[in-house]
Amino acid sequence: MGKRQRRRRREIGEPAAGGATTDYADAEGNVLTLRDKLPADVAHELRVRPASSAEDAWQRHEEILFERLAVSWTIAGLPITGQRELIGRYRMADSETRGWVRRTIDDHINRINH
């Protein structure tokens, strides 16, 4: 598959070829779809940079996991599938929603690693 085709897939929010996903619904019926396989290069991205504070490192860790796992997020019946829109929506979410996303991702990672 060529570079253009991969970029086009990312732009329209299509998961990588053959990539399995799992849907998670919150109490309001919003659905977060996560990839079932964590990309191999994520460990490198998660390393803490020496100049960052603990809060910055934790925040970036959460965003990287969200960026690498989230395929789509349907909120109030409207699907969000583009990576820029997904991370933008995550950053705008209230603390309760971000907490639900963090717990969901943690549970998902535990499930796919066992």
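Start with the salt bridges: a search of the whole structure finds 4 of them, a salt bridge being a side-chain nitrogen of Lys or Arg within 4 Å of a carboxyl oxygen of Asp or Glu. The model is a predicted one, in which local features need pLDDT of at least 70, side-chain atom pairs count only at pLDDT 80 or more, and totals for chains, interfaces and linings use all residues. Residues are numbered from 1 along each chain as its sequence is written, and side-chain values use heavy atoms, with hydrogens and water left out.

**Stop 1: Asp36 and Arg111**

Select Asp36 and Arg111. Their salt bridge has its closest N and O atoms 3.3 Å apart. The pair links distant parts of the chain, 75 residues apart: Asp36 sits in the loop between strand S2 (31–35) and helix H2 (42–45), and Arg111 in helix H5 (residues 95–112). Helices (H or I, at least four residues) and strands (E, at least two) are DSSP runs, numbered from the N terminus. Asp36 is partly exposed, at a relative accessible area of 24%, and Arg111 is partly exposed at 42%. On this scale, buried means under 20% relative accessible area, exposed over 50%, and partly exposed in between (1.4 Å probe, protein chains only).

**Stop 2**

Next select Arg60 and Glu63. Both lie in helix H3 (residues 54–69), 3 residues apart, about one turn of the helix. Is Glu63 buried or exposed? Glu63 counts as buried, at 9% relative accessibility, while Arg60 counts as partly exposed at 32%.

The side chains of Arg91 and Glu63 meet in a salt bridge of 3.0 Å, N to O. Arg91 lies in helix H4 (residues 83–92) and Glu63 in helix H3, so this pair ties together parts that are 28 residues apart in sequence. Arg91 counts as partly exposed, at 47% relative accessibility.

**Stop 3: Ile109**

Go back to helix H5 and select Ile109, which is found there. Ile109 is buried, with a relative accessible area of 15%. Which residues does Ile109 touch, not counting residues up to four places away in sequence? They are Leu65 and Leu69, where contact means heavy atoms within 4.5 Å. Ile109 and Leu69 are 40 residues apart along the chain, and their C-alpha atoms are separated by 9.4 Å.

**Stop 4: the sheet**

Now show the strands. 4 strands form an open sheet in the order S1-S2-S3-S4, with antiparallel pairing; two strands pair if DSSP finds at least two bridges between them. The edge strands, each pairing on one side only, are strand S1 (21–25) and strand S4 (78–80). Zoom in on strand S3 (residues 70–75), which pairs with S4 in the antiparallel sense over 3 bridges. Select Ile75 and Leu78: Ile75 stands opposite Leu78 in S4.

**Last stop: the whole chain**

Zoom out to the protein chain, whose secondary structure comes to 5 helices and 4 strands. Along the sequence the pattern is α-β-β-α-α-β-β-α-α. Of the 114 residues, 31% count as buried. Among contacts with a separation of 6 or more, residues 24 or more positions apart account for 56%.
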